[in-house]
Amino acid sequence: MSSSVYLIVAFGAAIAGFVQGLSGFAFGLVAMSVWAWVIDPQLAAALAVTGALTGQIIAAVTMRRGFDLRLLAPFVLGGLAGVPLGTLLLPHLDMHWFKTILGAVLVLWCPAMLLSKDWPRITVGGRLADAAVGLGGGILGGLGGFTGTLPTLWCTLRGYERDVQRAVIQNFNLSMLAVTLTIYVASGIVTRSMLPMILVVLPAMLIPTIVGTRAYIGLSETGFRRLVLGLLTVSGIALLLSGLPQLLR
């Protein structure tokens with residue numbers, strides 16, 4: 001690969017690391033919105049899972065959160081069922097479909113998150129609904145490390161306080177990403193040929209992730225929501241403009 005590809009991958013990892021450190025999720029979404037332009041989905045997924053897991057480990061060490069097993073368990077149990085399903089789908093992804101679907105998720109999900117503060121708090125469904133959301137998060141995790149997307153929106157709609165939500169998402173992401181990476185390695189999705197790219201991603205994201213965790217402490221909830229979700233919305237529009245025209249031809 002050319003040096004420009006490595007630079008773009010490093011840039012995507014740095015931005016994604018900062019956003020994950022700031023928000024507790026979204027490494028895969030941010031990184032993929034950059035990487036999908038220059039590398040194939042399978043490599044991008046492997047890098048996203050590796051980077052996201054590393055970021056969650058850094059966050060767990062530098063910014064400890066509570067652990068409520070009763071609250072977390074349904075999400076994790078659902079996610080454990082979803083990760084293998086997402087992993088099975090990954091090798092069959094088409095690049096244009098991949099960009100279009102990812103872009104659509106970003107464009108639909110991010111504005112919904114921005115508006116969700118005005119929606120009624122969802123109290124129905126109980127643990128079964130939480131497990132179903134965890135299942136969806138696990139499937140998206142298997143497709144490329146997007147484990148936090150659905151659970152984050154769901155926790156917001158549940159009306160959890162910011163720190164409670166971050167604790168759920170951080171612990172859910174950490175466990176699901178560990179399972180996803182294990183499956184990736186065991187199934188051969190992560191290969192030795194990917195090592196040079198992995199060695200680009202990990203150093204590039206390290207400092208931005210730590211800076212993001214520090215910024216989270218002093219940033220208002222409204223400020224960090226607008227910053228992260230605005231960036232993701234723009235990324236989603238860019239991906240749609242890239243992938244959708246190819247599908248319509």
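## A walk through a helical model

The end C-alpha atoms of residues 198-217 lie 29 Å apart, and that span is 100% helix and 0% strand. Keep in mind that this is a predicted model. Residues 198-217 are one of the stretches that an unreviewed UniProt entry lists as "transmembrane region"; the record also gives 7-37, 43-62, 69-90, 96-116, 128-147, 167-186 and 223-244. Now look at residues 7-37: here the chain is 84% helix and 0% strand, and the end C-alpha atoms are 13 Å apart.

What sits in the loop between helix H1 (3-23) and H2? Ala-26 has its place there. Ala-26 has a positive phi of about 80°, although it is not a glycine. With a relative accessibility of 10%, Ala-26 counts as buried, because buried means under 20%.

**Rings that meet**

Let's turn to the aromatic side chains. How many aromatic pairs does the structure hold? There are two, and here they are:

| Aromatic pair | Centre to centre | Angle between planes | Type |
|---|---|---|---|
| Phe-27 and Trp-35 | 6.2 Å | 70° | edge-to-face |
| Phe-75 and Phe-172 | 6.4 Å | 70° | edge-to-face |

The pair of Phe-75 and Phe-172 ties together distant parts of the chain: Phe-75 belongs to helix H4 (residues 69-89) and Phe-172 to helix H8 (residues 162-187), 97 residues apart. Are these rings buried or exposed? Phe-75 and Phe-172 are buried, and both Phe-27 and Trp-35 are buried too.

Another ring has a charged neighbour. Arg-166 lies over the face of Tyr-216, at 4.3 Å from the ring centre.

**A helix on the inside**

Next, find helix H7, which covers residues 149-158. Nine of its 10 residues are buried, so H7 is largely enclosed by the rest of the structure. The buried ones are Thr-149, Pro-151, Thr-152, Leu-153, Trp-154, Cys-155, Thr-156, Leu-157 and Arg-158. Just after H7 comes Gly-159, which takes a positive phi of about 85°.

Sorted by class, the lining of the second largest pocket has 10 nonpolar residues, one polar and no charged.

There is also a cavity to look for. The count comes to one cavity of 30 Å³ or more, and the largest cavity has a volume of about 70 Å³. Its lining has 15 residues, and Phe-25, Ala-26, Phe-27, Gly-145 and Gly-148 lie nearest the centre of the cavity.

Which helix supplies the largest share of the lining of the largest cavity? H2 does, with three residues. Helix H2 (27-35), helix H3 (41-62) and H8 each supply at least two residues of this lining. By class, the lining of the largest cavity divides into seven nonpolar, eight polar and no charged residues.

Conventions:
Residues numbered from 1 in each chain as written. Heavy atoms only, no water. Phe/Tyr/Trp six-rings, centres within 6.5 Å; stacked < 30°, edge-to-face > 60°. Buried < 20%, exposed > 50% of the residue type's maximum accessible area, 1.4 Å probe, protein only. Helix = DSSP H or I, 4+ residues; strand = E, 2+ residues; numbered from the N terminus. Lys NZ or Arg CZ within 6 Å of the ring centre and 35° of its normal. Nonpolar A, V, L, I, M, F, W, Y, C, P; charged D, E, K, R; others polar. 1 Å grid on protein atoms, 1.4 Å probe; cavity = no way out; pocket = protein on both sides within 12 Å on 5 of 7 lines; lining within 4 Å. Points joined across faces, edges and corners; volume = space filled by probe spheres on them. UniProt positions renumbered as here; feature names shortened; annotations may be inferred.
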